[in-house]
Amino acid sequence: MLEKFEIDQILEGKVTGIQPYGAFVALDEETQGLVHISEVTHGYVKDINDHLAVGDNVNVKILNIDEENNKVSLSIRATEEPPKKSPKPGNNKAQEDSNAGFNTLKDKLEEWIEQSKEREGTFKK
């Protein structure tokens, strides 16, 4: 029954049942596997019902085949591109340029003293 399936194989299946811990997906007329909640999508899934419904067609990747117990572990997440990391808020080119080098506190202190003197008009060279 499970001989026609291989680990890392990607198939289309149909969601046949949903539980708080995951979703059951039919791979053919006789075989179904489980997509654990952690394998539904990239990121945290609080409620699987926000992502899947019975009757949904989904692409799944076979993660493991346990022939002895007749179980197939599946992943939807493994068939999707991971999200690109978005830059942290406030990160921009100007900010990167200002942080490009490393100044010691001593160097910065001398610079600040000079700036202070310039503002006061007492700068002497």
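1. L109 is found in helix 2, residues 105-120, where helices are DSSP runs of H or I with at least four residues, strands are E runs of at least two, and both are numbered from the N terminus. With 46% relative accessibility L109 counts as partly exposed, because that class lies between buried, under 20% relative accessible area, and exposed, over 50% (1.4 Å probe, protein chains only).

2. This is a predicted model, in which local features need pLDDT of at least 70, side-chain atom pairs count only at pLDDT 80 or more, and totals for chains, interfaces and linings use all residues. Residues are numbered from 1 along each chain as its sequence is written, and side-chain values use heavy atoms, with hydrogens and water left out.

3. Strand 4 and strand 5 run antiparallel and are joined by 5 bridges, two strands being paired if DSSP finds at least two bridges between them. Within this pairing N64 stands opposite S73 of strand 5, and the two strands form a hairpin with 4 residues between them, where N70 in the turn has a positive phi of about 55°.

4. Strand 3 and strand 5 run parallel and are joined by 2 bridges; the partner of V35 in strand 5 is L74.

5. T41, in the loop between strand 3 (32-36) and strand 4 (57-66), is buried at a relative accessible area of 17%. By contrast, P83, in the loop between strand 5 (71-75) and helix 1 (93-98), counts as exposed at 58% relative accessibility. P83 lies 40 residues from G43 in sequence and 9.1 Å from G43 in space, C-alpha to C-alpha.
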